[in-house]
Amino acid sequence: MLKMLAAAILVIAWSFPASALCIYHGVDNAKTTIAQEFTDSRWVVRAHVVSVDYHWSDEDESWALYRLKIMKSYKGQLRMRFAFFTERNSGGFYMDGDGGGPDLDRDYLLFLTPRPFPRSDPPAAKGAL
């Protein structure tokens with residue numbers, strides 16, 4: 001009985017489409033393909049989270065700086081260990097586990113591009129992707 005209930009919940013949950021705002025080449029809510037993302041990325045890697053530094057702020061300046069190790073490279077030559085910076089906002093990409101801390105038990109497939117270092121970024125983000 002419990003297995004049937006769990007299966008029913010999964011079917012219901014999967015029947016609702018997920019949606020997110022995606023701006024791709026200036027088009028709002030664009031639908032992209034893996035092939036497009038691969039072509040547009042300078043590096044495509046499977047990487048493992050090694051550590052993370054969190055910065056929490058009540059003034060909307062929260063961010064995370066992840067340190068990753070490449071497990072497999074699919075495109076481009078990226079150093080084996082690199083940093084990934086993300087702001088803590090609706091546009092952020094978090095590599096956190098269920099408990100809210102770093103997801104040290106999981107690899108991520110990442111489609112990466114270089115980013116400029118805006119003056120508004122913290123010094124810790126310099127050189128990060």
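Modeller: Here we go through the sheet, the ring pairs and the charged contacts.

Modeller: This is a predicted model, in which local features need pLDDT of at least 70 and side-chain atom pairs count only at pLDDT 80 or more, while totals for chains, interfaces and linings use all residues. Residues are numbered from 1 along each chain as its sequence is written, and side-chain values use heavy atoms, with hydrogens and water left out.

Biologist: Happy with that. What makes β4 and β5 paired strands?

Modeller: Strands here are DSSP runs of E with at least two residues, numbered from the N terminus. Two of them pair if DSSP finds at least two bridges between them. Seven bridges join β4 to β5, so the pair qualifies, and the two run antiparallel.

Biologist: Why are β5 and β6 said to stand at the edges?

Modeller: The open sheet has four strands in the order β5-β4-β3-β6, with antiparallel pairing. β5 and β6 each have a single partner strand, so one side of each is left without a neighbour in the sheet.

Biologist: On to the rings. Why is the pair of W63 and F85 called tilted?

Modeller: A pair of aromatic rings is described by the distance of the centres and the angle of the planes. Rings of Phe, Tyr and Trp (its six-membered ring) pair if their centres lie within 6.5 Å; planes under 30 degrees apart count as stacked, over 60 as edge-to-face and the rest as tilted. The search of the whole structure finds four aromatic pairs. For W63 and F85 the centres are 5.7 Å apart and the planes stand at 45°, so this pair is tilted. W63 lies in strand β4 (residues 63-75) and F85 in strand β5 (residues 81-87), so the pair ties together parts that are 22 residues apart in sequence.

Biologist: How do you know whether W63 is buried or exposed?

Modeller: Buried means under 20% relative accessible area, exposed over 50%, and partly exposed in between (1.4 Å probe, protein chains only). W63 has 13%, so W63 counts as buried. F85 is buried too, with 5%.

Biologist: What makes the pair of F93 and Y108 edge-to-face?

Modeller: Their planes are 85° apart, and the centres are separated by 6.1 Å. F93 sits in the loop between β5 and β6 (107-112), and Y108 in strand β6, 15 residues away. At 38% relative accessibility F93 counts as partly exposed, whereas Y108 is buried at 12%. Ring pairs also link F84, F93 and Y108 into a cluster.

Biologist: How do you know that K75 lies over the face of F38?

Modeller: A charge sits over a ring if NZ of Lys or CZ of Arg is within 6 Å of the ring centre and within 35 degrees of the ring normal. K75 lies over the face of F38, at 5.1 Å from the ring centre.

Biologist: Which residue forms a salt bridge with D53?

Modeller: That is R67, with the closest N and O atoms 2.6 Å apart. R67 is in strand β4 and D53 in strand β3, so parts 14 residues apart in sequence are tied together.

Definitions and conventions. Salt bridge = Lys/Arg side-chain N within 4 Å of Asp/Glu carboxyl O.
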